[in-house]
Amino acid sequence: MTVGKPTSPDEPALEATVRRGVFWRLLSLQASWNDQRMQNLGLLACLAPWLNRQELSSQQVRSCCRRYFGYFNTNPYLAGFVVGGLLRLEHARAAGRPVSERDVSGFRDTLARVCGALGDQILWLGLRPGVMLLACGLAALGRWQLVLALVALVTLAQLWLRWRSLAMGFRLGADVVDVLSRPLWRQAVIWSRRVGLSLTGLLIGVYFASGFELGETVGTGRFLGLTLLGFALPALVRQKTSAEAQLLLSLPFVWLLVVATA
Amino acid sequence: MNAPVGGGGLESVLWWAGLALLGALVALDEHSLVQSWFGQPLPAAVLAGALAGQPQAGLASGLLLQLAVIGNLPVGASYRLDTGSAAVGMTAGAVLAGWSAPAGLLARSTWTAPASWQLGWLLVCMAAASLLGGVLVQGEQRTHLRWMLSGYRSVRDGDLRRLEQLHGRCLWLTGLRGAVLTLVWAQVSLWLWPVAAAGMPEPARAALAWLPLLVPALAAGTLLERFGYRPGWPLVAASAVTGFVVVSFLV
């Protein structure tokens with residue numbers, strides 16, 4: 001495997017200690033998230049192991065801090081591509097190659113947006129609800145060990161992705177954009193969405209089957225009322241109210257329903 | 001590990017320290033560190049239940065809260081709640097107060113037993129705790145902003161160490177918030193449980209008893225709202241029929 005290692009004598013290698021240092025910090029990229037510049041402090045913390053390793057003048061470090069102190073926001077799971085690519089560009093700059101500050105900022109902003117959009121679509125809106133619905137299915141069967149095993153498996157997969165993306169970003173530098181423009185990513189967005197939709201459908205089917213199963217215990221009118229309320233509430237509030245608030249908001253309606261169908 | 005049964009002693013102190021540590025790790029995992037999804041309500045509640053000696057209790061409370069908040073995104077500006085600490089603290093507190101998980105969510109006894117309102121009550125407590133904890137999360141983010149701006153000095157003097165320390169401080173703050181809130185919610189749950197059991201009015205019990213049945217519909221409604229109703233309806237319909245058939249005729 002050549003990822004992270006130079007494929008030719010001219011290519012620089014990311015030292016193992018630096019790679020490990022950057023990787024660990026990459027896991028806490030969002031720790032200092034703030035409304036104004038989002039993950040800027042996290043990004044600087046990620047770059048610190050590499051910057052500390054270089055023999056940079058005080059002026060170069062200041063310039064680097066200034067460059068990365070601005071707005072930065074991306075998806076934490078795909079941030080390795082951005083950070084790896086930035087390290088490669090900084091490496092080239094330090095070696096005296098013609099890479100301007102504007103090139104670096106342009107690369108950072110563009111790639112951060114791409115990774116942010118891809119990561120949000122694939123991971124937050126597709127995979128996370130899908131995996132958690134699957135975990136809920138296992139929980140409904142009473143298998144708590146399997147719930148934890150599933151989450152552990154997903155954790156290992158995302159750690160592998162982060163480790164590998166960091167190395168790939170460094171190896172490819174600005175060319176990492178080509179990797180992210182492959183149709184595979186578009187397919188991943190489509191498939192993660194399909195998985196999410198299928199599991200949502202399964203949830204609906206299981207819910208109705210359980211409602212029928214509980215039959216007289218619940219009462220048809222009460223069950224249909226609860227179903228209607230559950231489906232209507234998110235559509236009415238349209239993501240303007242948190243799920244917790246929706247739940248509390250629904251309590252008086254449930255009470256009214258119980259009274260009406262008693 | 002079993003929950004401490006009254007009194008003080010080293011075992012009790014260690015148990016509470018373990019709960020605080022779990023709360024800290026869950027809060028960190030939710031948004032700041034690794035984001036492995038162990039900080040999601042279901043696995044977090046299972047871990048809390050296991051710590052209290054009843055993983056099945058965590059399974060019941062975590063499953064419902066997970067479904068309720070399935071549409072929440074732990075992404076930057078959307079992150080304004082604290083479900084992890086709420087799930088861990090409230091579940092552990094409820095188990096300590098003597099709550100036993102129902103045999104199964106699909107069992108008739110879950111809905112007809114005199115104590116059927118307790119699961120709904122726990123769900124309401126967790127939702128309220130998450131909303132209240134969210135106020136602290138917002139305060140924490142404002143503190144991050146202040147610290148980040150104080151790091152501007154490094155742009156002038158090139159002191160990278162200061163920036164790293166500020167970032168590390170943010171991590172500690174999140175861990176501290178998680179630990180403290182978890183302990184607070186566990187104590188609140190411990191205190192509220194007998195009060196609710198003794199004084200909960202009958203109409204409220206009736207509403208709470210049926211609240212958990214609303215949650216799957218709420219989750220499905222939220223997900224359809226997120227994915228969009230029109231584009232995937234054939235897939236949703238086919239999966240719904242499959243789920244219905246499998247549960248009705250095969251399970």
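**View 1. Arg88(A), a charged side chain tucked away in chain A.** Arg88(A) is buried, at a relative accessible area of 16%. That value comes from a predicted model, as does everything else in these views. Arg88(A) sits in helix H4 of chain A, which runs over residues 79-94. What does Arg88(A) touch, once residues up to four places away in sequence are set aside? Its contacts are Glu11(A) and Pro12(A), plus the run Gly169(A), Phe170(A), Arg171(A), Leu172(A) and Gly173(A).

View 2. Buried or exposed? Both Arg67(A) and Glu90(A) are buried.

**View 3. Chain B on its own.** Out of 251 residues in chain B, 59% count as buried. Take the contacts in chain B with a separation of 6 or more: residues 24 or more positions apart account for 77% of them.

**View 4. The contact between chain B and chain A.** Chain B puts 96 residues into this contact and chain A puts in 98. About 8800 Å² is buried between the two chains, with carbon and sulfur atoms giving 74% of that area. On the chain B side, Trp37(B), His167(B) and Phe227(B) supply 10% of the area buried against chain A, more than any other three residues. The polar side of the story is 25 residue pairs in polar contact across the interface, both partners at pLDDT 80 or more. Which helix of chain B gives the most to the side that touches chain A? That is helix H9 (residues 202-227), with 22 residues. Sorted by class, the side of chain B that touches chain A has 63 nonpolar, 26 polar and seven charged residues.

**View 5. Salt bridges from one chain to the other.** The structure holds eleven salt bridges over all chains, and the count between chain B and chain A is two. One of them pairs Arg25(A) with Glu164(B), whose closest N and O atoms are 2.5 Å apart. Arg25(A) lies in helix H1 (residues 16-26) of chain A and Glu164(B) in helix H8 (residues 160-199) of chain B, so this pair joins two chains. Arg25(A) is partly exposed, with a relative accessible area of 27%, whereas Glu164(B) counts as buried at 14%. Asp35(A) and Arg80(B) also form a salt bridge, and there the closest N and O atoms are 3.4 Å apart.

**View 6. Asp159(B) and Arg162(B), a pair within chain B.** These two form a salt bridge with closest N and O atoms 3.9 Å apart. Why is one partner called partly exposed and the other buried? Buried means under 20% relative accessible area. Asp159(B) is at 29%, so it counts as partly exposed, while Arg162(B) is at 16% and is therefore buried. Back in chain A, salt bridges that share partners tie Arg66(A), Arg67(A), Glu90(A) and Glu101(A) into one network.

**View 7. Leu42(B) and the largest nonpolar core.** This core has 150 residues, and those touching the most other members are Phe81(A), Val83(A), Val254(A), Leu42(B), Trp121(B) and Trp210(B). Zoom in on Leu42(B), leaving aside neighbours within four places in sequence: from chain A, its contacts are Ala135(A), Cys136(A), Ala139(A) and Val147(A). From chain B, Leu42(B) meets Leu59(B), Gly62(B), Leu63(B) and Gln66(B).

**View 8. Gln246(A), a buried residue that touches chain B.** Gln246(A) lies in helix H10 (residues 243-260) of chain A. With a relative accessible area of 5%, Gln246(A) is buried. Beyond its neighbours within four places in sequence, Gln246(A) is in contact with Leu233(A), Pro234(A), Val237(A) and Thr241(A), and also with Leu218(B) and Thr222(B).

Key:
Residues numbered from 1 in each chain as written. Chains lettered and ligands numbered in written order. Predicted model: local features only at pLDDT ≥ 70, side-chain atom pairs only at ≥ 80, totals over all residues. Heavy atoms only, no water. Contact = heavy atoms within 4.5 Å. Buried area = accessible area lost by both parts, 1.4 Å probe. Salt bridge = Lys/Arg side-chain N within 4 Å of Asp/Glu carboxyl O. Polar contact = N/O pair within 3.5 Å; in protein donor to acceptor, adjacent residues only side chain to side chain. Helix = DSSP H or I, 4+ residues; strand = E, 2+ residues; numbered from the N terminus. Nonpolar A, V, L, I, M, F, W, Y, C, P; charged D, E, K, R; others polar. Core = buried A, V, L, I, M, F, W, Y, C linked by side-chain atoms within 4.5 Å. Buried < 20%, exposed > 50% of the residue type's maximum accessible area, 1.4 Å probe, protein only.
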